[in-house]
Amino acid sequence: MVPQPAQPVVWPQGKRAAACFSFDVDAESAVLHEHPRAAQRMSVMSHQSYGPLVGVPRLLRILARHDVRATFFVPGWTARRYPDTVRAIVDGGHEIAHHGYLHEPLAGVDAKAEADYLDRGLEALDAVAGVRPVGYRAPMWELTYNSPRLLAERGFLYDSSLMDADVPYELSVPGSPSPLVEIPIQWALDDWEQYCYLPGISGSGLIESPRKALEIWSLEFEAVRQEGGCFVLTTHPFLTGRPSRAAALEELIARAVGTGDTWVTSLSEVARHIRSLGLQPRVLTPPDPTR
Ligand code: ZN
């Protein structure tokens, strides 16, 4: 099958581009699946719990100031540990989406285990906040070729884990009962690479200036906007929820809203728009390394 590029998208209300601000509320789960013994490391756990305890409330205040609806990807385990945080996100009018149970990376995981993570995450979000999410983001953006079918079977509308386009598109895999909207992301639009520093666990050992992060993200926002694409920024409340980083993010949100020609909204709203366009799905299959 010859890979085909995604088609250009016409945005609603005469807008020239779209922008989504998304937050992965990993908290301790991003550490615990890979490093279960870190549960005994009190300071490491506190680095992660800063996200739901302090970062999320600060980010919710920023979003409210600019009247922006955002998307929060919440692992089921995190929802059960921080139910008040999840309910505050819902009360703020934002979207809750699925992000695994204990933030399980899916590389090498079989379909049965992947389905179990999905179902446990769904149960937790329902139990904590009465939410049935329509969106999914694979932990570490590590989607498998089984994921689109498993998500479609559970009624999901969209995924946001792939990197092969500047615009959302309809995605299908062989054997899937229905297509899925894919809202692409990229590593340059993630705060992990700028800010994450956890000795012995994760990060480059560098902590970058929020000015540098803002420069990277602003340049990409402007270029995506000029080309009519969909800018999707991914940040983590335990990182970007810190004061100077949150202030830099607020500058970018204000800039996006201030253009007047960019549709600043949640991923689910973008996905519903894409679905309304009736696009032909792109059928994606794994490449054969032996040919
Ligand atoms: Zn995550």
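Is His99 buried or exposed, and what is its relative accessible area? His99 is buried, at 1% relative accessible area, where buried means under 20%, exposed over 50% and partly exposed in between, computed with a 1.4 Å probe on protein chains only.

1. Basis of the note. The structure is a predicted model, in which local features need pLDDT of at least 70 and side-chain atom pairs count only at pLDDT 80 or more, while totals for chains, interfaces and linings use all residues. Residues are numbered from 1 along each chain as its sequence is written, and side-chain values use heavy atoms, with hydrogens and water left out.

2. Helices (H or I, at least four residues) and strands (E, at least two) are DSSP runs, numbered from the N terminus. His103 is buried, with a relative accessible area of 5%. Its phi is near 55°, a positive value in a residue other than glycine.

3. Trp141. A positive phi of about 55° is also found at Trp141, which is not a glycine. Trp141 belongs to the loop between β4 (135–136) and α6 (147–153), and its relative accessibility of 7% makes it buried.

4. Packing of α2 and α4. Two packed helices are described by the angle between their axes and the distance between the axes. Helix α2 (residues 42–65) packs with helix α4 (residues 83–91) at an angle of about 5°, the axes being 10 Å apart. Axes are lines fitted to C-alpha atoms, for helices over the stretch in contact, and angles run from 0 to 180 degrees between N-to-C directions. The two helices α2 and α4 are therefore roughly parallel (angles under 35 degrees; over 145 is roughly antiparallel, 65 to 115 roughly perpendicular and the rest oblique). Pro52, Val56 and Leu60 of α2 make the contact with Thr85, Ala88 and Ile89 of α4, contact meaning heavy atoms within 4.5 Å. By class, 5 residues in this contact are nonpolar, 1 is polar and none is charged. Here Ala, Val, Leu, Ile, Met, Phe, Trp, Tyr, Cys and Pro count as nonpolar, Asp, Glu, Lys and Arg as charged, and the others, Gly among them, as polar.

5. Accessibility in these helices. Ala88 of helix α4 is partly exposed, at 33% relative accessibility. Met42, in helix α2, is exposed at 74%.

6. Tyr117. Helix α5 contains Tyr117, which is buried with a relative accessible area of 18%. Not counting residues up to four places away in sequence, Tyr117 touches His98, Gly100, Tyr101, Glu104, Leu106 and Val109. The C-alpha atoms of Tyr117 and Leu106 are separated by 9.6 Å, with the two residues 11 apart along the chain.

7. Ser209. The loop between β9 (202–203) and α8 (210–226) holds Ser209, a partly exposed residue with 35% relative accessible area. Its C-alpha atom is separated by 8.3 Å from that of Arg245, 36 residues apart along the chain.
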